[in-house]
Amino acid sequence: MTIRRPRPFLTAAISGALVLGALAGCSTAAADSTSGTGTTSTTTISEVATTVDDALADNEDYTELAALADETWDTADETEVSLDGDSATVSGDGATADGSTVTISAPGTYRISGTLDDGQIVVTSEADGLVRLVLDGADITSSTGSAIAVTQADDVSVVLADGSSNSLTDAETYTDTSDDAPNAALFSADSMVVSGTGSLAVTGRSNDGIASKDGLVIAGGDITVTAVDDGVRGKDFLVVTDGTLDVDAADDGLKADNEDGTNDDGETVGYAALLGGAVTVAAGDDGVHAESDLVIDGATVTVTESVEGIEGAHILVASGTVDVTSSDDGFNAAGGTSTTTETTTGETATADDTATSDQAADAAPEPPADGEMPEGGEPPASGTMPEGEPPQGGGGGGMPGEAAGDFSLVITGGDVTVDAGGDGLDSNGTLTVSGGDVTVFGPSDGGNGTLDSAGALTVDGGTLLAVGTSSMLQTPGDGSEGWVAATFDTLAAGTELTVVDASGTTVAEVTLTKDTQSVVLAAPDVTSGETYTVQADGEDLTTATAGESPATTGR
């Protein structure tokens with residue numbers, strides 16, 4: 001097997017708390033607790049989901065909404081909405097025009113074409129039934145709010161007509177800024193699906209590009225979104241099943257942001273699923289963010305710019321192609337669940353497990369002055385570990401005292417590449433690779449790790465090649481396939497790093513994209529106990545025994 005890819009303090013800790021190396025995931029819950037000298041740490045842990053069906057089983061159903069994209073209709077029943085500069089005309093039932101504002105008040109199919117220089121399409125349908133908006137060469141700009149604002153409807157289907165080019169641009173400042181007011185260029189207060197084979201350019205000049213305060217499905221179309229806040233946002237869920245989606249957002253690129261956990265029926269909300277199509281994101285914050293589950297299966301996902309690349313409480317990559325570039329964590333399995341500890345004095349302390357760079361920075365203590373001891377007393381005696389246990393793995397990883405929460409990062413298939421300035425693959429719970437081809441270009445300097453799991457790190461299938469800093473080096477733990485790890489003096493970007501076995505056969509090779517001091521390789525071709533040589537540009541650099549963590553780190 002050959003790998004060649006020449007392309008280019010984040011978790012909360014409680015002082016004295018034990019590290020809980022337990023399972024994390026997104027299915028049936030079970031309570032686990034650990035205790036040690038003077039400290040008890042309790043975290044609710046769930047069973048890890050390793051299939052898409054299991055991962056989505058408890059989530060609010062998106063399939064009925066997605067199915068609306070496949071419905072056909074009689075064009076003879078359409079209502080024609082013609083836009084013309086500063087006015088509009090309506091031919092048919094269910095809609096009225098008042099100057100440059102078109103109001104749709106009943107279920108039905110509305111074909112919209114023409115240009116509004118300054119106007120809106122407003123949907124206020126109280127009756128049960130689908131409102132279908134067929135955009136057929138529609139160009140709508142508003143100076144007062146959303147270009148299309150669905151304030152009430154049963155369900156909404158936006159269809160991009162075959163061969164059509166459409167654009168929606170909202171106001172820079174909205175007239176109505178109340179809490180429940182529309183806040184996106186294409187906005188729906190109810191569930192919405194976007195489909196078709198035409199194109200749509202969306203510009204969010206005030207807030208989001210496309211947003212639903214319920215569920216949102218992208219099922220087709222060639223869609224480009226530019227937004228000063230979030231690019232594409234669904235509250236209860238955001239699902240992409242097909243089409244091409246290109247997002248440039250100042251905040252999050254794609255986002256499912258319901259923080260309630262469950263709806264009134266007990267179904268999980270705040271989840272994202274990329275199940276097809278091609279998604280490209282440049283984001284000022286998270287590339288793709290979900291409050292709960294985040295599933296990638298069959299989609300091509302490219303995050304060209306982000307702080308956190310892919311972030312959710314429980315992340316599953318089952319298939320597809322994922323390429324992430326981030327200034328902080330590439331993948332980050334984290335959320336708002338807290339870990340509570342009881343101290344020897346009986347006091348209770350709670351640490352938020354949300355792992356975001358700004359929160360970590362806010363919580364980080366000031367560094368000690370040169371020559372002074374850090375606050376907290378004497379360091380542990382030489383050769384001893386601080387109170388607590390390290391994350392489950394062959395060595396390193398995580399911060400001392402970091403408790404594993406109910407979070408999981410699972411990769412069971414696909415082609416995954418990460419280029420991260422912070423942690424490459426980061427989980428505040430468990431991290432599992434059981435299939436696929438995973439390459440991680442981690443950070444070049446200390447304070448972060450190429451692999452960082454607060455709980456168990458297991459590689460029991462597929463291939464994982466991780467290169468980066470030697471700081472916080474973590475290696476696979478019990479139950480993993482063969483793996484080899486080595487540290488060495490810094491190699492410069494552009495170096496060809498190769499791992500060969502005792503017979504000189506290349507097991508893996510990669511062109512480094514940044515300065516690197518370590519390599520971790522887990523693959524079916526690696527045999528525990530055998531010796532492997534790491535080469536730099538064809539010259540022997542160091543040797544390592546498979547299954548043994550490096551005794552020292554190189555800089």
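## Conventions

A residue is called buried when its relative accessible area is under 20%, exposed when over 50%, and partly exposed in between, using a 1.4 Å probe and protein chains only. By this rule, Met472 is buried, with a relative accessible area of 17%.

The structure is a predicted model, in which local features need pLDDT of at least 70 and side-chain atom pairs count only at pLDDT 80 or more, while totals for chains, interfaces and linings use all residues. Residues are numbered from 1 along each chain as its sequence is written, and side-chain values use heavy atoms, with hydrogens and water left out.

## Overall composition

The protein chain contains three helices and 45 strands. Helices (H or I, at least four residues) and strands (E, at least two) are DSSP runs, numbered from the N terminus. Of the 555 residues in the protein chain, 54% are buried. The accessible surface of the chain is about 21300 Å², and carbon and sulfur atoms account for 43% of that surface. Accessible areas come from the Shrake-Rupley method with a 1.4 Å probe; for residues, only the protein chains shown count as cover.

Strand E13 covers residues 184-188, and five of its five residues are buried, so the strand is largely enclosed by the rest of the structure. Strands are said to pair if DSSP finds at least two bridges between them.

E13 pairs with strand E10 (residues 148-152) in the parallel sense, over three bridges. In that pairing, Ser188 of E13 stands opposite Val150. E13 is also joined to strand E16 (residues 208-212) by four bridges, and these two strands run parallel. Here Leu186 has Ile210 of E16 as its bridge partner.

## Salt bridges

Side chains of opposite charge can pair when their charged atoms come close. A salt bridge is counted when a side-chain nitrogen of Lys or Arg lies within 4 Å of a carboxyl oxygen of Asp or Glu. The structure holds 10 of them. One of these joins Arg233 and Asp257, with an N to O distance of 3.4 Å. This pair links distant parts of the chain, 24 residues apart: Arg233 belongs to strand E19 (residues 232-234), and Asp257 to the loop between strand E22 (254-256) and strand E23 (271-274). Arg233 has 10% relative accessibility and therefore counts as buried.

In the salt bridge between Asp252 and Lys255, the closest N and O atoms are 3.2 Å apart. Both Asp252 and Lys255 are buried. For Asp419 and Lys514, the closest N and O atoms of the salt bridge are 2.6 Å apart. This pair also links distant parts of the chain, 95 residues apart, with Asp419 in strand E35 (residues 415-420) and Lys514 in the loop between strand E42 (506-511) and strand E43 (516-522). Asp419, at 10% relative accessibility, counts as buried, and Lys514 is buried with a relative accessible area of 17%.

## Negative surface patch

Glu47, Asp53, Asp54 and Asp58 form a negative surface patch. Patches are made of residues with over 30% relative accessible area and no salt bridge, with like charges joined within 9 Å and nonpolar side chains (Val, Leu, Ile, Met, Phe, Trp, Tyr) within 5 Å. Lys and Arg count as positive and Asp and Glu as negative, while His and the chain ends are not counted; the place of a charge is taken as NZ of Lys, CZ of Arg, CG of Asp or CD of Glu. Asp53 is exposed, with a relative accessible area of 63%.

## Backbone and loop positions

Most residues other than glycine have a negative phi, and most peptide bonds are trans. Met472 has a positive phi, near 55 degrees, and is not a glycine. Met472 is located in the loop between strand E39 (457-468) and strand E40 (483-491). Asp537, also not a glycine, has a positive phi of about 50 degrees, and sits in the loop between strand E44 (531-536) and strand E45 (539-545).

Asp445 is in the loop between strand E37 (430-441) and strand E38 (451-453), and at 46% relative accessibility counts as partly exposed. The C-alpha atoms of Asp445 and Thr516 are separated by 8.7 Å, although these residues are 71 residues apart along the chain. Thr124, in strand E8 (residues 120-124), is partly exposed with a relative accessible area of 30%. Between the C-alpha atoms of Thr124 and Ala95, which are 29 residues apart along the chain, the separation is 9.9 Å.
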